[in-house]
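The stops below can be selected in order.

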Amino acid sequence: MEFIADNKELLTLMETRRSIRKFGPDMVPKDVIDQIIKAGTYAATGMNKQSPIIIAVTNKEMRDKLSRLNAEIMGTKSDPFYGAPVVLIVLADKNWVNRVYDGSLVMGNLMLAAHALGIGSCWIHRAKEEFERPEGLEILKSLGIEGEYEGIGHCVLGYVKGNYPKTPPRKENWVYYID
């Protein structure tokens, strides 16, 4: 494969993506959400099992319900989604040994794609606990999702409110070589 100049842009995106914790209220257009989701479906998965699934939540009532449930698990009343209008929930087949790794790679692709398209993102935890509760199981049932799934994470999306965070310097002793 021949490397092209755009690959340098990809590396820059990887270096500059930050987690956003303050979102504006404007909805992300569906075609942009679809592009972000598509990137998630191209994440590497063990043995190409493609075990993860993505649930896209743009309905404010459902988004707020998930926020309340997540906050309850966390033991707070604040919005753990930081006002983001879109929540992409990544779950993976509980019976697949690589589910957490596969789902984590999906999350990484979602966040990187969002950054490339000018959309802020943040990985929010507690999806595992949410989808072990009756409320989470009911959501899966209402969508016709069968089988056993473990929540990996929520990728919240929206337009950045305020300034985009600067990239902090990398720590020392991050990498060790064995030559």
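Start by selecting Lys30, which is exposed at a relative accessible area of 59%. Exposed means over 50% relative accessible area, buried under 20%, and partly exposed in between (1.4 Å probe, protein chains only). This is a predicted model, in which local features need pLDDT of at least 70 and side-chain atom pairs count only at pLDDT 80 or more, while totals for chains, interfaces and linings use all residues. Residues are numbered from 1 along each chain as its sequence is written, and side-chain values use heavy atoms, with hydrogens and water left out.

The side chains of Lys30 and Asp34 form a salt bridge, 2.9 Å from N to O; the term stands for a side-chain nitrogen of Lys or Arg within 4 Å of a carboxyl oxygen of Asp or Glu. Both residues belong to helix H2 (residues 30–41) and are 4 residues apart, about one turn of the helix. Helices (H or I, at least four residues) and strands (E, at least two) are DSSP runs numbered from the N terminus.

Next, select Lys60, Arg63, Asp64 and Asp79, which are linked in a network of salt bridges. Arg63 is buried, with a relative accessible area of 7%. Its side chain meets that of Asp64 at 3.2 Å, N to O, and Asp64 is partly exposed at 21%. Arg63 also forms a salt bridge with Asp79, at 2.6 Å, N to O. Asp79 lies in the loop between helix H3 (60–74) and strand E2 (86–93), and Arg63 in helix H3, so this pair ties together parts that are 16 residues apart in sequence. Asp79 is partly exposed, at 28%. The structure holds 7 salt bridges.

Move to helix H6 (residues 134–142). Which of its residues are buried? They are Gly136, Ile139 and Leu140. Look down the axis of H6: the buried residues fall within an arc of 95 degrees, so they line one face of the helix. The arc is that of the directions from the helix axis to the C-beta atoms. On the face turned away from the buried side of H6 are the exposed residues Pro134, Lys141 and Ser142.

Finish with Lys171 and Trp174. The charged end of Lys171 sits over the ring of Trp174, 5.0 Å from its centre; the rule asks for NZ of Lys or CZ of Arg within 6 Å of the ring centre and within 35 degrees of the ring normal.
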